[in-house]
Each structure stands twice: as structure tokens, then as C-alpha cells.
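This report describes selected features of one protein chain. The sequence and the structure are shown first.

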Amino acid sequence: MGNGNSTEAKESRRSKMRQKIQNFRSRRRLSRPGSGSVSGLVSQRSVSADDFAGIALLTLIGAEMKFKDKWLACVSFGEQTFRSQISDSTEKPIWNSEKKLLLEKNGPSLARISVFETNRLLKNNIVGYCELDLLEFVVQEPDSACKSFDLLDPASSNVVGSMFVSCSVEDPVETETCFAKRILSIVDYDEDGKLSFSEFSDLMNAFGNIVAANKKEELFKAADLNGDGVVTIDELAALLAVQQEQEPIINSCPVCGEALQLDKLNAMIHMTLCFDEGTGNQTMTGGFLTDRQASYGWMFKLSEWTHLSTYDVGLNTGSSASHIVVIDRKTKRLMEELIDSKIVMSMRAIYQSKIGLRLMDQGAKEILQNLSEKQGKKMNTVESAQNIPSFLEFFKDQINMAEVKYPLDHFKTFNEFFVRELKPGARPIACMDQDDVAVSAADCRLMSFQSVDDSTRFWIKGRKFSIKGLLGNDVQSDAFLDGSLVIFRLAPQDYHRFHSPVSGVIEKFVNVSGSLYTVNPIAVNSKYCNVFTENKRTVVIISTAEFGKVAFVAIGATMVGSITFVRQEGDHVKKGDELGYFSFGGSTVISVFEKDSIKIDEDLLANSARSLETLVTVGMQLGVSFPKIENCVIEP
């Protein structure tokens with residue numbers, strides 16, 4: 001009879017543990033990308049002890065808005081975005097949504113909070129945003145007090161409401177101290193802060209280590225230092241510390257079931273992020289790349305990828321999808337590039353199929369040429385200025401009018417606005433007094449490759465692409481054949497003046513006639529056409545003391561029939577000096593460096609190896625000349 005009761009009690013405990021773990025897993029499943037890694041990062045990439053800065057618990061408490069609606073809040077941090085639930089119709093939404101975020105010393109610390117109104121069936125509209133540095137926030141507010149932030153209109157920077165946030169950061173020491181408590185909480189059925197042998201046994205089983213499961217009695221005795229028949233938090237912490245260093249006993253996370261890395265630190269980080277023990281508030285839903293995707297929720301969630309660090313994010317969101325995602329170099333945050341879905345479908349039909357390119361050969365090239373010329377003339381008329389407000393509204397969170405040299409009423413045509421100048425100092429130049437440091441030539445989406453072969457492996461898919469084809473027959477290209485390649489792609493919303501990436505003397509200009517294909521990744525990634533070697537372009541050869549000769553190629557594109565230079569042959573230019581500008585549309589500049597003349601910055605190369613464009617601005621450091629390899633980055 002007693003044995004029966006014991007068996008029933010044991011089964012009851014196991015059932016209770018399974019239910020508890022299932023509850024944890026179901027909650028975690030809502031906040032992780034697909035069925036993969038914790039927070040989309042930890043299981044795919046090791047975090048070193050030197051780089052681990054702590055774990056932040058960010059809570060979106062609520063907001064005060066200027067009108068009544070249903071509201072949704074999103075948090076974008078690095079390469080991950082999370083969303084709250086939708087509030088009731090109110091002027092003062094309350095979310096109490098929390099999320100744990102991994103902080104690294106060399107990683108992102110700036111979180112962007114976006115608030116969307118959700119009363120529309122087909123479109124959620126961003127109303128305001130704020131940004132906060134999590135590490136600075138905690139220094140200023142050490143007690144995790146609720147703090148109010150102004151919500152800014154993305155278009156005008158006017159205050160449209162207030163956001164109430166709290167944040168606390170658990171430093172590495174605290175994480176290690178609390179680790180055992182989190183582990184113990186799963187199987188501490190009577191919640192007395194101690195584990196009986198039965199509870200300890202269930203915990204070993206949950207760790208997924210067969211060897212450890214078979215040594216439960218031995219491990220329990222080793223943990224029970226005072227011999228009182230139970231294992232306390234301190235005793236469990238000591239056991240985990242010793243065993244994880246000598247003979248790891250944790251193979252899989254008891255919450256999400258995912259296989260863990262063997263080192264203690266990363267296993268600890270994974271499970272700390274996995275355990276939603278915080279305040280018990282609603283955990284935010286994750287699995288999104290950008291706040292725009294998150295605002296549409298399930299629609300993007302269904303098509304999301306499992307592991308951010310294992311897929312070619314650029315290609316998956318460029319040539320084979322309806323949206324383009326780039327990474328902001330300054331904030332290390334993924335951002336979505338806006339482009340009309342109908343245009344995307346048209347470009348895919350043309351550039352990603354043999355049929356589409358056959359149309360090009362049968363006269364569509366001439367159609368694009370005529371269309372570009374016609375559109376160019378239209379954008380130079382006084383009537384075209386009427387298009388400026390709608391253009392700014394479409395790109396309202398991607399154009400900062402505060403940087404523009406002249407007020408909006410200064411521009412009498414759309415093209416005047418399109419080639420707008422910026423205020424002096426708006427684009428500081430990295431290491432201005434060091435000519436052995438090259439800089440970004442444009443506000444753009446940048447791809448960089450240490451060798452031309454890398455560029456064709458990761459990005460340029462045209463079968464016939466070559467440096468000789470890019471530079472044309474009138475440029476001696478032998479010195480560039482095995483060189484480094486940097487692609488600066490300008491989108492329509494970008495500042496459209498391009499600048500010299502190096503200091504030197506302009507030797508010559510060479511005009512190369514050609515087509516006007518789009519320079520969108522959909523076309524660049526097409527194996528059926530060769531955008532860079534077939535488009536109209538101008539090649540500028542710059543002679544430098546530090547990098548040898550540098551080929552600077554300005555490439556025209558659909559709607560960009562005009563490339564205007566403001567420099568002449570024989571001019572001496574300093575890096576950052578303006579070279580010219582593109583008229584209406586988006587286009588591309590390519591810089592080709594001689595072999596072994598430049599060491600491109602590692603973060604740019606790493607992003608490009610993932611087919612992920614990096615959002616940069618004029619003057620940001622691009623790389624340094626060999627043999628001097630130093631990092632001299634100024635704050636962008």
C-alpha cells in the first residue's frame with residue numbers, strides 16, 4: 001500500500017514536472033525564431049567571457065498617446081525584433097511586456113521601441129519611436145525605475161506621445177549566482193528552495209545527459225555536501241560549476257529542449273534567456289527581423305527563417321523575397337528597405353527568369369532607356385515638386401530633413417530635392433588626417449569583398465561578370481584583376497551625392513555606354529544578366545600614395561540616366577570630397593582596389609559573407625592600407 005502511494009506520488013511529481021516544463025516551452029516557443037535558437041543568437045554563436053556584459057530585462061510598461069486607438073509596441077535590438085500584444089482601444093495602452101536581451105561589450109546596446117496603431121485591417125501604421133541605450137539606462141537608473149521617453153514622429157521628429165519603460169541588467173556575476181536558482185525552480189515542486197533525491201533525479205533526466213542520468217545517486221551525494229539528504233541552491237550551484245568544467249552534465253536545455261554548447265558560460269546564458277521567471281508579465285513574441293515585419297505579426301512569422309546566423313539573410317530578403325533587409329552599421333540593427341511590392345514582382349519576373357531576359361533582348365532595353373529619359377525630364381519640371389511630400393511620407397523614418405542644407409521650400413523641382421546637399425559636418429570623415437584609411441563613398445547599402453572571387457561567390461551571380469568587363473576596354477585593368485571590390489548601392493531615399501573614398505589625384509574619366517538595368521539585389525543576384533558590366537557607367541581612375549590606383553565606377557540604373565561629376569582630370573581630392581551625384585532614382589558606385597592594397601574592416605566583410613548589405617553613411621571607415629592594419633573608427 002505504501003509502495004503504491006510512493007509510486008503514485010512519484011508519477012505525480014513527474015507529471016507535474018512535465019507540465020511545468022511544457023508550460024515553459026510553450027512560452028519560449030512564442031518568443032524564439034521558428035523552432036530554433038534562443039533569441040535567435042545564442043545557440044549559433046559562442047559568447048566569450050570577455051565579451052559577456054550581462055542580461056537585460058526590458059519591460060514595456062505602457063504609453064500615453066494623443067488619440068484613442070489599438071496599439072502595438074515592438075522592440076528591435078541587434079538582429080532580433082519582438083512585439084507586444086495589441087492593446088484595447090485607448091489613449092493609454094498598457095502592455096507590461098518584458099523581454100530578456102543578451103548584452104555583449106562589442107555588440108549592440110541600443111534598443112529601438114516603435115509604437116504602431118493597428119486599427120487598419122491591411123496596414124499597421126508606425127506613429128512614434130524612441131531609442132535607449134540599455135547599458136546607459138541602467139547606469140542612470142540603477143534601481144530599474146520606470147522612466148518616460150518621448151515618442152518621436154519618424155517623419156518630423158515631433159513628439160507624439162510618451163513611452164514608459166523599465167530595465168534592469170543582471171551582470172555576469174549575478175547571472176552565475178542566479179543560475180542555480182533558475183535550474184532548481186523547474187523541479188522544486190514544494191518550492192522550499194531544496195531538492196530531494198527524487199526532484200534531483202527528475203532534473204538530471206531533464207538535462208538530456210544519459211551518463212549523468214545513470215549517475216544520479218553519485219552526483220546527488222557529491223552535491224549534498226552537508227549530508228542532510230537534500231540539495232540546496234548553493235550546493236547545486238557548486239555541483240554545476242565543477243561538473244560543467246570537468247564533465248558537463250547539461251546536454252540540452254530543460255525548457256526548450258535544444259542541444260547546448262558544452263562550455264558553462266554559453267549553457268548558462270542560453271538557459272537564463274530561456275527561463276521566463278522575471279515578473280511574470282507577458283513575454284514578448286519574437287522571430288522577426290524588423291519592427292515593420294513584427295507589426296504584421298503572423299504573416300511574416302510563418303515565412304521566417306529558423307537561424308539568423310546560418311542563412312544568407314541578404315539573398316533571402318532580396319532576390320527571392322518581397323522585401324530587402326540590411327544591417328545598420330551604427331546600431332547593429334536589422335532594417336527593412338521599403339520598395340513597392342508590385343515593383344518587386346515585376347523585377348523578379350524580368351531579372352530572375354530566362355523569359356524576362358529574353359524580353360530585354362527583344363527591345364525592353366530600349367524601353368527602359370526611353371522611360372528613364374522621359375522620367376528624368378518629368379522630374380525636372382516645376383510640377384514635379386508636388387511629389388516631394390508624398391516621397392517624404394513614404395520614407396518618413398529613413399530621411400532626416402534636419403541634416404539637409406536647405407529648407408523644403410528651397411527645392412523647385414523633384415530632382416533638386418533628390419540631389420539635395422547636406423549641412424556642413426553632417427557626415428564626419430573617419431581619420432581625416434590619415435590618408436591610409438579609406439572611407440565610405442556614399443550613404444548606401446554596402447557590400448565589400450577582399451577578392452573579386454568572393455564577390456561572385458556571395459553576391460554577384462551574373463555568369464559573365466569580370467573586372468575587365470566592369471572597367472571596359474579603355475582602362476588598363478591588369479592591376480585590378482585580383483583586387484578588392486566594394487559596392488555602394490544607393491536606394492531612392494538616400495542622399496545621392498557620392499564622394500571620394502581615398503585621397504589622391506584624378507588621372508582620367510572613361511565613359512562606358514550601356515543599358516539601364518535596375519541595381520536592386522534582385523537584378524544583381526540574377527544569373528541571367530550582368531548589371532554591373534552592361535549598364536551605362538563612368539570609370540574614374542584615382543592615383544594614390546597609400547592604395548596605388550583605385551578605380552571608382554559610377555553606374556547608371558533605371559530612372560538614373562544622368563551621372564554628373566563636379567571634378568575634372570588632374571584634380572587633387574581628399575577622401576570625403578564630393579565627386580558628383582546621380583539624378584532621380586537609385587544607383588550604385590563600385591570601388592576596385594589593387595590586390596593587397598587594402599584591408600577591409602572585418603565587420604563589413606563578415607556581413608557581406610552572409611550576403612547581407614551594411615547600411616553606412618559617407619565618411620565611415622572602410623578599411624586601411626597594407627601593411628598598416630589599425631582600427632581608427634570615429635563615432636558615425
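## Basis of the description

The structure is a predicted model. Residue numbers start from 1 along the chain, following the sequence as written.

## Salt bridges

Across the whole structure, a search finds 17 salt bridges. Among the residues involved, Arg112, Glu131, Asp291 and Arg333 are linked in a network.

Arg112, at 10% relative accessibility, counts as buried. Arg333 likewise counts as buried, at 5% relative accessibility.

A further salt bridge joins Asp577 to Arg567, with the closest N and O atoms 3.7 Å apart. Asp577 is in the loop between strand 23 (572-573) and strand 24 (578-582), and Arg567 is in the loop between strand 22 (563-565) and strand 23, ten residues apart. Asp577 is partly exposed, with a relative accessible area of 21%. Arg567 is also partly exposed, its relative accessible area being 26%.

Strand 22 and strand 24 run antiparallel and are joined by three bridges. In one of these pairings, Phe565 has Gly580 in strand 24 as its bridge partner.

How many of the residues of strand 17 (residues 484-490) are buried? The count is seven of seven, and the strand is mostly covered. In a regular strand the side chains alternate between the two faces of the sheet. In strand 17, Ser484, Val486, Phe488 and Leu490 point one way, Leu485, Ile487 and Arg489 point the other way, and all are buried.

Strand 17 pairs with strand 16 (residues 444-449) through five bridges, and the two run antiparallel. Met447 stands opposite Ile487 of strand 17 in this pairing. Strand 17 is also joined to strand 25 (residues 587-593) by seven bridges, again in an antiparallel arrangement. Ser484 has Phe593 in strand 25 as its bridge partner.

## Contact between helices 4 and 6

The axes of helix 4 (residues 197-206) and helix 6 (residues 216-223) come within 10 Å and cross at roughly 120 degrees. The crossing of helix 4 past helix 6 is right-handed.

On the helix 4 side, Phe197, Phe200, Ser201, Met204 and Asn205 meet Lys216, Glu217, Leu219 and Phe220 of helix 6. The residues of this contact divide into five nonpolar, two polar and two charged.

## Residues with positive phi

Most residues other than glycine have a negative phi, and most peptide bonds are trans. Which phi value does Asn96 have? Phi of Asn96 is near 45 degrees, a positive value in a residue other than glycine. Asn96 is placed in strand 4 (residues 94-104). With a relative accessible area of 30%, Asn96 is partly exposed.

Cys431 likewise has a positive phi, near 45 degrees, and is a residue other than glycine. Cys431 lies in the loop between helix 15 (414-418) and strand 15 (437-439). This cysteine has a relative accessible area of 6%. The value falls under the 20% limit for a buried residue, so Cys431 is classed as buried.

Key. This is a predicted model: local features need pLDDT of at least 70, side-chain atom pairs count only at pLDDT 80 or more; totals for chains, interfaces and linings use all residues. Side-chain values use heavy atoms; hydrogens and water are left out. Axes are lines fitted to C-alpha atoms, for helices over the stretch in contact, and angles run from 0 to 180 degrees between N-to-C directions. Helices (H or I, at least four residues) and strands (E, at least two) are DSSP runs, numbered from the N terminus. A crossing is left-handed if the near helix is turned anticlockwise from the far one by less than a right angle, and right-handed if clockwise. Contact means heavy atoms within 4.5 Å. Ala, Val, Leu, Ile, Met, Phe, Trp, Tyr, Cys and Pro count as nonpolar, Asp, Glu, Lys and Arg as charged, and the others, Gly among them, as polar. A salt bridge is a side-chain nitrogen of Lys or Arg within 4 Å of a carboxyl oxygen of Asp or Glu. Buried means under 20% relative accessible area, exposed over 50%, partly exposed in between (1.4 Å probe, protein chains only). Two strands pair if DSSP finds at least two bridges between them.
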